[in-house]
Amino acid sequence: MKIDTKNLVPNNKEDSNFIHNLKLKSISEIRDIIPQLLEWMQDMNWPQAPLIADYFSPHINEIQEELISILKSNDEIWKYWILHGLILHSEITPSQKILLEVKRVYLNASKQEKEEEVDVIAMEILEKYHIPF
């Protein structure tokens, strides 16, 4: 059954009403809009970003494919915010698959990733979970 996603995704940078509706939905009910919601985490200075991070925090392993896709992208700032704003501060331990991707990011950081300190946040995550690198 397809749910009505209206009012679950912010309409603009002033919209904060969406979060009340989003919190009423399970991760499986919003599966189709997870990528749209994660796009709002491209800049954690946007008012919606921390709200979405709080919603996703206990579900990072359920959205691991979407997170890994972002970590494999060429958007260094988005990677930084996913690592810092979501994975580093999640209430749960990231899956082995997520941690392996974080390790890959750390070990193979590009010049741009180093400039945006993506590697630094990746290292903090690896240290937090005692992953050797």
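With which residues is F56 in contact, leaving aside its neighbours within four places in sequence? In this predicted model, local features need pLDDT of at least 70 and side-chain atom pairs count only at pLDDT 80 or more, whereas totals for chains, interfaces and linings use all residues. Residues are numbered from 1 along each chain as its sequence is written, and side-chain values use heavy atoms, with hydrogens and water left out. Once those sequence neighbours are set aside, F56 is in contact (heavy atoms within 4.5 Å) with I27, I30, I34, L37, L38, I63 and L86.

F56 also belongs to the largest nonpolar core, which has 43 residues; within this core I30, L38 and F56 touch the most other members. A nonpolar core is a set of buried Ala, Val, Leu, Ile, Met, Phe, Trp, Tyr and Cys residues joined through side-chain atoms within 4.5 Å. Two or more residues of the core come from each of helix 1 (18-22), helix 2, helix 3, helix 4, helix 5, helix 6 and helix 8 (118-128). Helices are DSSP runs of H or I with at least four residues, numbered from the N terminus. The greatest contribution is that of helix 5, with seven residues. In soluble globular proteins, nonpolar side chains tend to be buried together.

Helix 4 (residues 64-71) is mostly covered, since six of its eight residues are buried. Buried means under 20% relative accessible area, exposed over 50%, and partly exposed in between, for a 1.4 Å probe and protein chains only. The buried residues are Q64, E66, L67, I68, I70 and L71, and they pack against helix 2 (34-39), helix 5 (76-87) and helix 6 (96-107).

The loop between helix 3 (48-56) and helix 4 contains S57 and P58. S57 is buried, with a relative accessible area of 6%, while P58 is partly exposed at 30%. The side chain of S57 reaches the backbone nitrogen of E91 at 3.2 Å. Beyond its neighbours within four places in sequence, S57 is in contact with L86, H89, S90, E91 and I92; for P58, the corresponding contacts are E91 and I92. P58 and E91 are 33 residues apart along the chain, yet their C-alpha atoms are separated by 5.7 Å.

Helix 6 and helix 8 pack at an angle of about 140 degrees, with their axes 8 Å apart. Axes are lines fitted to C-alpha atoms, for helices over the stretch in contact, and angles run from 0 to 180 degrees between N-to-C directions. The contact is made by L99, V102, K103, V105 and Y106 of helix 6 and by V118, D119, A122, M123, I125 and L126 of helix 8.

Note on methods:
A polar contact is a pair of N or O atoms within 3.5 Å; within protein, one must be able to donate a hydrogen and the other to accept it, and residues adjacent in sequence count only if both atoms are side-chain atoms.
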